[in-house]
Amino acid sequence: MANGSKQFVDFAKIKATMADPYKHPVQVIDREGKVVNPDILAEYSDDQLVDFMKKMVWERTLHEQTMNFSRQGRLGFYAPTAGEEASEMGSVTAFKEQDFLLPAYRDLPQMIQHGASVAKGFLWSKGHIEGNQYDNPNMIFPQIIIGAQYVETAGVALGIQKNGDKDRVAFVYTGDGGTSQGDWYEGINFTSAYQAPAVFFVQNNGWAISVPRRKQTAAETLAQKAVAMGVPSVQVDGMDIVAVHEVAKEAREFAAAGNGPVVIETLTYRYGAHSSAGDDPSRYRTKEEEKPWFDADPLIRMRKVLTDKKLWSQDQEDKLVEEYKDEFKNAMKEAEAAPAQKVSDFLKWTYNVPTPAVKKQIAEFEAKESK
Amino acid sequence: MAKMTYIKAITSGLDQVLNDDPKTLIFGEDVGKNGGVFRTTVGLQDKYGEDRVFDTPLAESGILGLAIGLSLTGWRPIPEIQFMGFTFEAMDGIVGQLARDHYRFGGQKNFPVTIRTPFGGGTHTAEMHSDNLENYFVSTPGLRVVTPANPYDAKGLIISAVESDDPVLFMENLKLYRSMKDEVPDDKYTVPLDSAKVVREGSDITLVAYSAEVNEALQAADALAKDNISAEVIDLRSLSPIDTDTIFASIDKTHKVVVIQEAQRMAGVGAIVASDIAEEKIMSLDAPIGRVAAPDSVYPFAQAEGDWIPNADDIEAKAREIANY
C-alpha cells in the first residue's frame, strides 16, 4: 500500500473471495433425505437407485464384518470405511472395467467393485501376496505412501493417451491429508500439463489420523487447490451417493473426451478410527463433532428416498445384510485357505533375472522349505 | 567403427533402443528440444518425435511417477534425472515404489525402467551436482545399478539396461562425458548388466574400481609397473549386483587387493566388495584388504575437489603399501 492510501493490489479481497466458486457443494439429496435436484434424480432409474442402496449396505456390512474379523485377530491392517459409503460406491460405479484404478489403503471397497474379490481384500489386509494380484489387470494394490498413487496416475493417464485408448481413464483416491503432499500437486500438475485422462478423488473425511482438516491448509476448500494447476474441480456432498455418482460420471466423460483431468472433493466423514491398529478417535475429537455427521449418514438419506418411492423396506435390508455377511464369511474362509507363502518366492519376484547372490539365497531357502 | 566420446556413445545407444522398440520413451527435464543440459539426448526428439522424446514439468518425483504409470500401461520408460543429487526428490519413486513393484505383484507385472542420471566429481559444479550417491541405491533389492567407465561400455550397457525387464539405475560420469574417446561400433551390441571386466591384466595385486576411478587405477598401475609391481585392474561396471566371480578369480592369482571408490568411505560399495572378499577369499590373501575412498565429509565445495577426490597417487600409495606388506 503506497503511503497507506492507494491500494495497487487488494490481497485482502482476493483472499476473502478466492473460494467463492466452491462455497456450495453440489447435492441431489440433502441430509434430511429431501430431493433438492429432482432433474438429476430423474435421470436415474429405480433399479439404479436401488442398486446404489444395495452397494452402500454391502459396504457398511463389509466394514462391520471386517471389524469383527479384526477383533478375532483374523486380519492385519485395515482402514475402516463406515461413513464413506456414498463417496466410495457413488464414485467407483461411474467407472468402467477398462479404467485404471490407483487406490490407497481406505479404498478396498472400490477395488472389490472394480474386480478384486473380497477374499483378495482380506488377503491384502492379512499380508499375503495374492492380495496384490487381481483378475482385473487395470488396478494396482492399495498405496501406503500417501501421494505416490497421484504421481503414478499421471503416468497411467499419459500411457492411456499414448496408447490411443478411447473411453479409458485413470482414477485415483486420497484423503484430505493427502492434499498436503508434494506428490499430490505433482501428479495433478503433470496430468494437466499433458492433458491426460484422469479423475482425482479427494475423500475429505475430516481427519488425517488425528489432525483435523483445518490444520492441513488455510484454503477454505480442497477442491479449489486444483485451480492453480489449470484443472477444473468440484466439491460434492460426499454423503449423497447420487450427487457423487453424477459428478464422477461427468468428470469421467470430460477426461475421456481429451479435456484433461478433473479433481473431485467429496465431503464425508470417517465414523471410526483411522485404522484397526489401536487408533482411538476419542483422544482427538468430541461426540458433539461426530453427531451431525452421523445424522448425515448416506444410508439414512437414501433409505428415506427409496422408502418414499416404495422401493425399499427394512425387511429387505435385513435379508441383504445376512446375505452379505455369508458372502464375507465365505470370502474369509477362501482367504484363510490361501497357500503358505515362501521366502524363496519372494526372492524370485525381487528381480526378473535373479542376481547371483539372490540365486544362491533361493537355493538355500528352497532347501529349508522342502524339509 | 568410429572414435566416440562417452556421451556420444550413450546418445548412440539411446538412438538404437528408440529405433528398435517403439514402446521406448525418453523423458525428463530439458531432454526434448534442448537435448539435455549435457546434450545426451540431442537430436533424438527431431528423429523420433515429441511423442517419444519429451520434456516434463520440473519435478523429479513426478518423473518417477510417470515412469511407473507408463510401465503399467505397457511402455518402456527411460527417464532422466538431470543430476544424481536430484534423485533425493525421487527417492520414494525409485526405492519406495519402482524397485519393489515387480515383487509386489508377485511377478505379474514388469517395470522395465532405465533411470539415467549424471554424477561424479571433478568438473567444478554447483552443490548437489557431483555427489556419488550409489550407496543409497545398491542397498535396494529389486534395483540394478550400473555405471560405465568408457565409451564402449557406455553404449553396450545403456542398450542392455533398456532391454532389461528389471529397473536399472544408469549412472553417467560427468567428468568422463567428453574427456575420453574410444572405438565404438556403429552397430548394435550389448554389455552384460552384471559383469565386471578385467581392463588390465597383472599378477601381483588386484585394483578394483569403477567409473572415473578406473582411469585413476590404470594410471596407478602404469606407475607401479615401473617398479615391477604388476597390477591387475578390474572395472566393476555393475554396482548391484557385484560380479564377485571376476574379483575372486583375480585374487586367486594376485593374493592382494585394493578396493577403490570416489564416494565417501562410509558404508560404501567398497565396503561391500571388501566384505565379500573377506567372507570368501580371506585364506587366499597375503595382505589385508586395502581401501581407497573419499573422506567422510559432505561432498566438498568445488574449489577443494582436487584435495578430496581419490586420485592415481592415492591409489598408487595404497597399492605399494599392500604390495609390500
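Which hand does the crossing of helix 3 of chain A and helix 4 of chain A have? I looked this up first. The crossing is right-handed. I note here that the model is a predicted one.

**Entry: helix 3 and helix 4**

I took down the geometry of this pair. Helix 3 of chain A covers residues 46–71 and helix 4 of chain A covers residues 85–92; their axes are 9 Å apart and the packing angle is about 125°. Angles from 65 to 115 degrees count as roughly perpendicular and those over 145 as roughly antiparallel. The two helices are therefore oblique to each other.

I then listed the residues that meet. From helix 3 of chain A they are Phe52(A), Lys55(A), Met56(A), Glu59(A) and Arg60(A), and from helix 4 of chain A they are Glu85(A), Ala86(A), Glu88(A) and Met89(A). Sorted by class, this contact holds 5 charged and 4 nonpolar residues, with no polar ones.

**Entry: helix 6 and helix 12**

Helix 6 of chain A (residues 118–126) and helix 12 of chain A (residues 314–336) have axes that come within 8 Å and cross at roughly 55°. That angle makes helix 6 of chain A oblique to helix 12 of chain A. I found this crossing to be right-handed.

The contact of helix 6 with helix 12 of chain A divides into 8 nonpolar and 3 charged residues, and no polar ones.

**Entry: the sheet**

In which order do the strands of the open sheet of chain A run? I read the order as 1-2-3-7-6, for 5 strands with parallel pairing. Strand 1 (100–102) and strand 6 (233–237) of chain A each have a single partner strand, so they stand at the edges and one side of each has no neighbour in the sheet. On average, neighbouring strands of this sheet are turned by 20° against each other, direction ignored.

Strand 6 runs parallel to strand 7 (residues 262–267) of chain A, and 5 bridges join them. One residue I checked was Val234(A), whose bridge partner in strand 7 of chain A is Ile264(A).

**Entry: the record**

I looked up the annotation last. An unreviewed UniProt entry lists residues 53–343 of chain A as "domain: Dehydrogenase E1 component". In the model, this span is 46% helix and 11% strand, and its end C-alpha atoms lie 43 Å apart.

Note on methods: Residues numbered from 1 in each chain as written. Chains lettered and ligands numbered in written order. Predicted model: local features only at pLDDT ≥ 70, side-chain atom pairs only at ≥ 80, totals over all residues. Axes fitted to C-alpha atoms, helices over the stretch in contact; angles between N-to-C directions. Helix = DSSP H or I, 4+ residues; strand = E, 2+ residues; numbered from the N terminus. Parallel < 35°, antiparallel > 145°, perpendicular 65-115°, else oblique. Left-handed = near helix turned anticlockwise from the far one by under 90°. Nonpolar A, V, L, I, M, F, W, Y, C, P; charged D, E, K, R; others polar. UniProt positions renumbered as here; feature names shortened; annotations may be inferred. Pairing = 2+ DSSP bridges. Contact = placed C-beta atoms within 7 Å.
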